[in-house]
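Please open the model and keep it beside you. This note takes it point by point.

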There are 2 protein chains.
Amino acid sequence: MTMSLLTVGTVAFDDIQTPYGHAEKVIGGACTYISWAASYFTDDIRLTSIVGADFPKDEIAQMEARGVKMDGLTVVEDGKTFFWAGKYHENMNQRDTLQTDLNVLDDFNPELPASYTDSKYIMLGNLTPDIQIRVTEQLTAPKLIVLDTMNFWMDIAMDRLKEAISKVDVLTINDEEARQLSGEYSLVKATGAGDTFAGGFMGYLTKTDDITFENMKRAVVYGSAMASFCVEEFSLGKMKDLDDEIINSRVNEFVQLTSFNI
Amino acid sequence: MTMSLLTVGTVAFDDIQTPYGHAEKVIGGACTYISWAASYFTDDIRLTSIVGADFPKDEIAQMEARGVKMDGLTVVEDGKTFFWAGKYHENMNQRDTLQTDLNVLDDFNPELPASYTDSKYIMLGNLTPDIQIRVTEQLTAPKLIVLDTMNFWMDIAMDRLKEAISKVDVLTINDEEARQLSGEYSLVKATGAGDTFAGGFMGYLTKTDDITFENMKRAVVYGSAMASFCVEEFSLGKMKDLDDEIINSRVNEFVQLTSFNI
């Protein structure tokens with residue numbers, strides 16, 4: 001039996017400037033990307049979003065052809081689609097928002113169609129915690145709920161966001177958002193982690209005297225394990241207090257965490 | 001036979017302020033961290049650095065007790081040790097340099113002791129490209145040379161740095177440094193990569209209907225593969241042009257790249 005995937009979020013226009021090209025008013029939005037990517041895995045995708053009459057009908061049709069259901073898409077005939085414009089810096093890691101026109105998104109308050117309420121897998125895009133909570137309340141038999149959010153909601157609606165989080169299973173947030181949410185910071189992230197990585201990496205290569213790519217990957221794991229000790233205390237505190245057993249135990253934890261079988 | 005590891009770089013004092021603690025004038029320096037970390041793997045470490053008379057003799061003795069040779073350590077009796085002071089931001093990812101006193105490091109121009117020149121594994125810490133080149137020229141039988149550097153040297157001595165790089169096997173630089181060095185940027189890193197990850201992650205879970213931790217790790221791999229397609233073109237360009245074979249091929253590349261056996 002094919003499982004169902006409910007996705008709730010934005011369908012949008014983006015305008016993206018980079019030092020290497022400018023994409024003018026292209027199709028964007030979390031729901032759009034999520035639906036397209038997921039369409040290669042399942043054909044029961046239930047999209048929930050809102051657009052204006054300016055959104056190309058052909059784009060909707062292309063998604064429908066991939067098995068994306070549109071019962072949950074509201075088209076506001078006299079409205080305009082959510083629009084975001086941004087400019088990326090030289091390093092492509094930072095960006096400035098140039099324009100955000102919420103447009104029809106301002107009125108987004110999704111009531112799930114009856115055909116959606118039994119969805120098993122649910123991806124709640126980055127929306128107001130209120131909307132996220134309201135969606136979870138309409139689900140009759142969820143198996144896994146994943147929630148995306150961002151620092152903006154932590155700044156202005158932390159209590160409500162925490163309530164939303166209490167109703168879900170998985171968060172997709174980055175490291176900075178995780179720190180803001182939890183209030184937990186690394187005790188110390190002193191200088192030296194990179195150098196400690198290099199020391200572990202080189203030490204392992206020196207020990208094994210094997211510079212094949214396969215052994216370099218192992219050296220990366222040992223270097224990472226050593227760096228993970230470094231950041232537990234200021235300065236050399238932890239580095240002076242290790243032994244083979246402690247190191248191998250950490251390496252094994254790393255192996256367990258990262259190993260997978262496809 | 002135990003292989004030899006030569007490490008060339010700083011031995012220093014650090015002063016590190018964080019929102020969660022202040023380490024006042026503690027032991028730091030790339031050579032120090034590298035040597036300590038590597039000492040758990042090999043006992044033929046050859047340190048090359050420079051300090052002032054203010055550097056604690058006990059710290060040197062502790063490293064020697066771990067097998068770190070000090071023939072290449074210059075102690076300047078009327079000099080002061082390199083000192084760096086910095087303050088980390090709330091997010092612990094960014095930091096401001098408050099003070100950099102090069103002190104004796106200003107005169108660092110290492111002549112390798114005769115006992116060092118046959119070193120097999122060489123870790124060149126973040127120093128001027130001139131020093132890095134000079135060290136490589138003194139080596140008689142290197143097996144693997146690793147070089148660390150930073151954007152500062154790219155800004156002021158790019159040609160000389162590239163010459164240094166031409167003499168080594170491995171670089172330890174971060175993503176931003178790699179971009180500056182190569183002049184190569186991702187063609188496009190548009191919005192949508194995170195959402196595409198979420199779509200692949202959720203799509204795979206929906207398809208397999210298995211929410212064990214083991215299967216979530218597989219879903220992370222599929223999500224990453226889908227995101228790697230997303231950033232190849234602006235907007236949905238690439239996302240509309242995939243099939244199972246292309247996706248599985250990318251997943252297999254990911255498996256090959258990341259798999260290792262300890």
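Predicted model: local features only at pLDDT ≥ 70, side-chain atom pairs only at ≥ 80, totals over all residues.

1. **Extent of the interface.** Start with the two chains. The contact takes 95 residues from chain A and 95 residues from chain B. The area buried between chain B and chain A is about 8,000 Å². Carbon and sulfur atoms give 67% of that area. Three residues deserve a look: B:Tyr33, B:Tyr40 and B:Phe41 supply 11% of the area that chain B buries against chain A, more than any other three residues.

2. How many salt bridges does the rule find across the interface of chain B and chain A? The count is 4 salt bridges. One salt bridge joins the side chains of A:Lys240 and B:Glu59, at 2.7 Å from N to O. Between chain B and chain A, 20 residue pairs are in polar contact, both residues being at pLDDT 80 or more.

3. **Make-up of chain B's side.** Which element gives the largest share of the side of chain B that touches chain A? Helix α6 (residues 193–208) of chain B does, with 12 residues. The residues of this side of chain B divide into 51 nonpolar, 23 polar and 21 charged.

4. **A buried threonine.** B:Thr32 sits in helix α1 (residues 30–38) of chain B. Is B:Thr32 buried or exposed? Its relative accessibility is 0%, so B:Thr32 counts as buried. Leave aside its neighbours within four places in sequence. B:Thr32 then contacts A:Leu236 in chain A, and B:Thr10, B:Val11, B:Ala12, B:Ile27 and B:Met63 in chain B.

5. Over all chains, the structure holds 12 aromatic pairs. Take B:Phe13 and B:Phe55. Their ring centres are 5.5 Å apart and their planes are at 35°, so the pair is tilted. B:Phe13 lies in strand β2 (residues 12–18) of chain B, and B:Phe55 in the loop between β4 (45–52) and α2 (57–65) of chain B, so the pair ties together parts that are 42 residues apart in sequence. Both B:Phe13 and B:Phe55 are buried.

6. **A stacked ring pair.** The rings of B:Phe197 and B:Phe201 have centres 5.8 Å apart and planes at 15°, so this pair is stacked. Both residues, B:Phe197 and B:Phe201, lie in helix α6 of chain B, 4 residues apart, about one turn of the helix. B:Phe197 is partly exposed, at 23% relative accessible area. B:Phe201 counts as buried, at 5% relative accessibility.

7. **A ring cluster.** Finally, find A:Phe41, B:Tyr204 and B:Tyr222. Ring pairs link A:Phe41, B:Tyr204 and B:Tyr222 into a cluster.

Conventions
Residues numbered from 1 in each chain as written. Chains lettered and ligands numbered in written order. Heavy atoms only, no water. Contact = heavy atoms within 4.5 Å. Buried area = accessible area lost by both parts, 1.4 Å probe. Polar contact = N/O pair within 3.5 Å; in protein donor to acceptor, adjacent residues only side chain to side chain. Helix = DSSP H or I, 4+ residues; strand = E, 2+ residues; numbered from the N terminus. Nonpolar A, V, L, I, M, F, W, Y, C, P; charged D, E, K, R; others polar. Buried < 20%, exposed > 50% of the residue type's maximum accessible area, 1.4 Å probe, protein only. Phe/Tyr/Trp six-rings, centres within 6.5 Å; stacked < 30°, edge-to-face > 60°.
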